[in-house]
Amino acid sequence: MREPQLPSRIYTQVLLLSSTLLLTSCIITYKDFPNIDVQSPPQSARDFPIYFQVNPSVLHGRGLVRSWSVFDPPSPSLESYQELARAFRETKLFAQAIASSSPPEKGIYCSIDVVHKWPSQMADVFTFTSMVLLTAFPTYSDTSQDIVQFDLYIDNKLKKVYQYRVTRVRGMWIVFLPFVWINLLTPSREETYRATVDQFFLDADKDGYFTNY
């Protein structure tokens with residue numbers, strides 16, 4: 001087998017260096033999601049179940065649907081959806097959480113959707129410029145959002161829609177290289193999703209939908 005020629009090796013090394021800089025010069029965190037004490041359940045467990053369904057995301061662009069983006073995750077990851085379902089299954093508020101594709105004739109049901117809103121065009125332009133310059137140009141974006149929506153049904157009738165916003169904050173700059181460890185201390189997308197579930201349970205319980213059922 002022939003050895004790779006020198007230009008190919010140089011190209012590969014440059015590509016690896018570029019990828020490394022892009023990955024290690026970026027700090028990502030999330031804001032605007034509910035900040036609650038998840039260790040404190042709203043009330044003691046009810047003796048009836050809750051039914052739920054986690055639906056596929058709806059991707060919204062600037063008035064149009066976009067199928068992908070170089071600079072922003074195109075949709076919540078599988079792990080994020082799994083975290084939503086896990087948060088329902090592990091709730092201590094109900095006797096049981098049962099996955100169901102449709103509301104039952106009798107009982108409490110919640111349909112969960114995630115609407116993803118893309119970054120602004122200006123954020124894309126600045127991010128692209130930073131990438132071309134190997135992150136020598138600083139860029140910041142906080143216009144990418146996930147709207148986690150909970151449609152609450154009781155006895156097959158829609159009672160209320162709860163929405164919670166999760167904003168993705170991303171900074172990219174070669175100066176951030178020594179501080180990339182900060183990413184280990186910031187909340188993950190999955191943790192923010194779980195927080196929205198906990199807040200939904202608190203708000204719906206406060207509104208009396210679980211107590212007066």
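1. Let me begin with a loop residue. Thr 91 sits in the loop between α2 and β4 (97-99); helices here are DSSP runs of H or I with at least four residues, strands are runs of E with at least two, and both are numbered from the N terminus. Thr 91 is buried, at 14% relative accessible area, where buried means under 20%, exposed over 50% and partly exposed in between, using a 1.4 Å probe and protein chains only.

2. A word on the basis of these notes. This is a predicted model, in which local features need pLDDT of at least 70 and side-chain atom pairs count only at pLDDT 80 or more, while totals for chains, interfaces and linings use all residues. Residues are numbered from 1 along each chain as its sequence is written, and side-chain values use heavy atoms, leaving out hydrogens and water.

3. What does Thr 91 touch, not counting residues up to four places away in sequence? Its partners are Ala 97 and Phe 201, with contact meaning heavy atoms within 4.5 Å. The side chain of Thr 91 also reaches the backbone nitrogen of Leu 93 at 3.1 Å. Thr 91 and Val 197 are 106 residues apart along the chain, yet their C-alpha atoms are separated by 9.3 Å.

4. Val 197 brings us to a helix pair, as this residue of α4 takes part in the contact with α2. The axes of α2 (residues 78-89) and α4 (residues 189-206) come within 9 Å and cross at roughly 30°; axes are lines fitted to C-alpha atoms, for helices over the stretch in contact, with angles from 0 to 180 degrees between N-to-C directions.

5. From α2, the contact uses Glu 79, Ser 80, Glu 83, Leu 84, Arg 86, Ala 87 and Phe 88. On the α4 side, the residues include Tyr 193, Phe 200 and Phe 201. By class, the contact of α2 with α4 has 7 nonpolar, 2 polar and 6 charged residues; Ala, Val, Leu, Ile, Met, Phe, Trp, Tyr, Cys and Pro count as nonpolar, Asp, Glu, Lys and Arg as charged, and the others, Gly among them, as polar.

6. Please look at the loop between β6 (139-154) and β7 (157-172), where Asp 155 is placed. Asp 155 has a positive phi, near 55°, without being a glycine. Asn 156 lies in the loop between β6 and β7 as well, and its phi is also positive, at about 70°. Asp 155 is partly exposed at 25% relative accessibility, and Asn 156 is partly exposed at 35%.

7. Is Ser 111 buried or exposed? This residue of strand β5 (residues 108-117) is buried, with a relative accessible area of 10%. Its side chain joins that of Asn 55 in a polar contact of 2.6 Å. Beyond four places in sequence, Ser 111 touches Gln 53, Asn 55, Gln 149, Phe 150, Asp 151 and Tyr 153.

8. Finally, the overall picture. The protein chain has 4 helices and 7 strands, following the order α-β-β-β-α-β-β-α-β-β-α along the sequence. Of its 213 residues, 40% count as buried. Among contacts with a separation of 6 or more, 84% come from residues 24 or more positions apart.

Definitions and conventions: A polar contact is a pair of N or O atoms within 3.5 Å; within protein, one must be able to donate a hydrogen and the other to accept it, and residues adjacent in sequence count only if both atoms are side-chain atoms.
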